[in-house]
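Q: I would like to learn how to read the features of a protein model. Where do we begin?

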Amino acid sequence: MAKRTLSGTSLDTLVSLAKRRGFVFQSSEIYGGLSSIWDYGPVGVELKRNVKDAWWKSMVRERDDIVGMDASILMHPDVWVASGHLDGFSDPLVECNECHRRYREDQVEGDVCPTCGGDFGPARQFNLLLKTFLGPVEDDTATVYLRPETAQAMFVNFENVQTTSRKKIPFGIAQIGKSFRNEITPGNFTFRTREFEQMEMEYFCEPGTDDEWHEYWMNFSMDWFKSHGIRGEKLMLRKHDADELPHYSKASADVEYEFPWGWGELETISNRTDYDLKAHTEKSGRDLSYFDDQQKKRFVPFVVEPAMGADRSALAFLADAYDEEGEGKEMRVVLRFHPDIAPFQVAVLPLSKKDTLSPTARRVYDVLRQQFNTQYDDTQSIGRRYRRQDEIGTPLCVTVDFDTLDDDSVTIRNRDTMEQVRVPIENLESAIRDLMNEMRADCQG
Ligand code: GAP
């Protein structure tokens, strides 16, 4: 219930917590860092993995109508000609005539440089595709692109996946993977970067049913964030105006989260119509239509696409979970993650490092780690260890103390209420499951 009154915080505090506790580090830090590129540390990698696993579970494992795939980052360059990215995937760029800083035209307020007040030169379109060369010769014939979205691999593999999975329309293909965009103005920590991870699903349906499916996937997306702990009042669904629709879309809406600096997009749900399948049919010469054997008719499926960013979602989960309790020296920083999103679910903490407690604590740890993502920590005072676990959002701490040697029981401490209960080791797993279910229920956005 404490979830409802989270204090929230500034981006600077989140960035410093992220570094201090091993969530996120700047890339190549010892060389001065690489601008807007980030590395996930031991705690952050678990957080992002949990976000991706939760999405995969809801999208693929729990459904009969969606299958997964994992394509290469590099694709035939004609893919990007057909998709429209080579010609049209650009942002308007302006350069200051005085300091030569470059900005995205639609992200500067007014018509002078925000850094030095100089005038801008004329706007030009800047293509966001990152290029590299395949093979030993660096010329135009060897140019390939780092994919700017994972989606295209699901369109070009539509026939392969449909025939091998024997799925009938409507069905979807889901994928999680890296994408790259040469953003003009990346920023806000991991929110806008040049290398990032996407979680995308292309849902192929019969033309005429697409509006209904668009509505369905918009609702699904909002519910997904809420059911994994993001507070409903921090989320909104914003439908695109006609002039901001991507070139392939008939209708799009963004799920937005209220970050410390304002509202930002986590996911776009688009009705991509038959744009992509038709474009690839035309460019490749391969017919990507579908024969519906019940209706005895052939058509090019329409596609509804929920496209979510894994890094942005992880950042939203981090920002949303942040809470401060008390004041001054008594202040407690606690991340109130949903138990399925928390980097670690349980920490086993022997009260002292003495050899007398270690074998029992290790035995408890070995049992729990089979079921839950569990940390073992026997460094520093118990108070400091609780504080550390609160700051990485571990829902439950299991303390092994000297009484454990007599009564074979341990203490479970609840992150949110700080209540402690004594439980026999033989009942520990089921007690943890029950407590985590209660915390899941408390976390419903
Ligand atoms: N296939 C459609 C597509 O890529 P998008 O709205 O451009 O749509 C989907 O991207 C999601 O990918 C975004 O909502 C965002 O979460 C994430 N994303 C896009 N560009 C990003 C960037 N530069 N840095 C981090 N995440 C990004």
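A: We begin with a term: contact means heavy atoms within 4.5 Å. Keep in mind that this is a predicted model.

Q: With which residues is T143 in contact, leaving aside its neighbours within four places in sequence?
A: T143 is in contact with P77, K131, T132 and F133 once those neighbours are left aside. Take K131 from that list: T143 and K131 are 12 residues apart in sequence, and their C-alpha atoms are 6.7 Å apart in space.

Q: Where is T143 found, and what does the side chain of T143 reach?
A: T143 belongs to strand β8, which covers residues 143–146. The side chain of T143 reaches the backbone oxygen of D139, at 3.4 Å.

Q: Does T143 count as buried or exposed?
A: Buried means under 20% relative accessible area. T143 has 10% relative accessibility and therefore counts as buried.

Q: With which residues is W217 in contact, leaving aside its neighbours within four places in sequence?
A: With those neighbours left aside, W217 is in contact with M59, R63, I66, M201, Y203, I269, V304 and P306.

Q: How many residues surround the ligand, and which are the closest?
A: The ligand is surrounded by 21 residues, the closest being E149, E183, T193, E200 and E265. By class, this shell has 7 nonpolar, 4 polar and 10 charged residues.

Q: Which atoms of F191, T268 and E305 lie by the ligand?
A: For such a pair, look at whether N or O atoms come within 3.5 Å. A backbone N or O atom of F191 is 3.4 Å from a nitrogen atom of the ligand. T268 has a polar side-chain atom 3.0 Å from an oxygen atom of the ligand. E305 places a polar side-chain atom 2.9 Å from a nitrogen atom of the ligand. Taken alone, the ligand exposes 550 Å², and the protein buries 93% of that.

Q: Which elements give two or more residues to the shell around the ligand?
A: They are β10 (195–205), β13 (262–273) and β16 (302–309). The largest share, 5 residues, comes from β13.

Q: What should I look for in the backbone?
A: Most residues other than glycine have a negative phi, and most peptide bonds are trans. Here, a cis peptide bond joins I169 and P170, with omega about 10°. P170 lies in the loop between α6 (158–165) and β9 (171–180).

Q: What is the phi of H100, and what is the phi of N188?
A: H100 is not a glycine, yet its phi is positive, about 60°. H100 sits in the loop between β4 (90–95) and β5 (102–104). N188, also a residue other than glycine, has a positive phi near 55°. N188 is placed in the loop between β9 and β10.

Technical notes
Residues are numbered from 1 along each chain as its sequence is written. This is a predicted model: local features need pLDDT of at least 70, side-chain atom pairs count only at pLDDT 80 or more; totals for chains, interfaces and linings use all residues. Side-chain values use heavy atoms; hydrogens and water are left out. A residue is near a molecule or strand if one of its heavy atoms lies within 4 Å of it. A polar contact is a pair of N or O atoms within 3.5 Å; within protein, one must be able to donate a hydrogen and the other to accept it, and residues adjacent in sequence count only if both atoms are side-chain atoms. Accessible areas come from the Shrake-Rupley method with a 1.4 Å probe; for residues, only the protein chains shown count as cover. Helices (H or I, at least four residues) and strands (E, at least two) are DSSP runs, numbered from the N terminus. Ala, Val, Leu, Ile, Met, Phe, Trp, Tyr, Cys and Pro count as nonpolar, Asp, Glu, Lys and Arg as charged, and the others, Gly among them, as polar. Buried means under 20% relative accessible area, exposed over 50%, partly exposed in between (1.4 Å probe, protein chains only).
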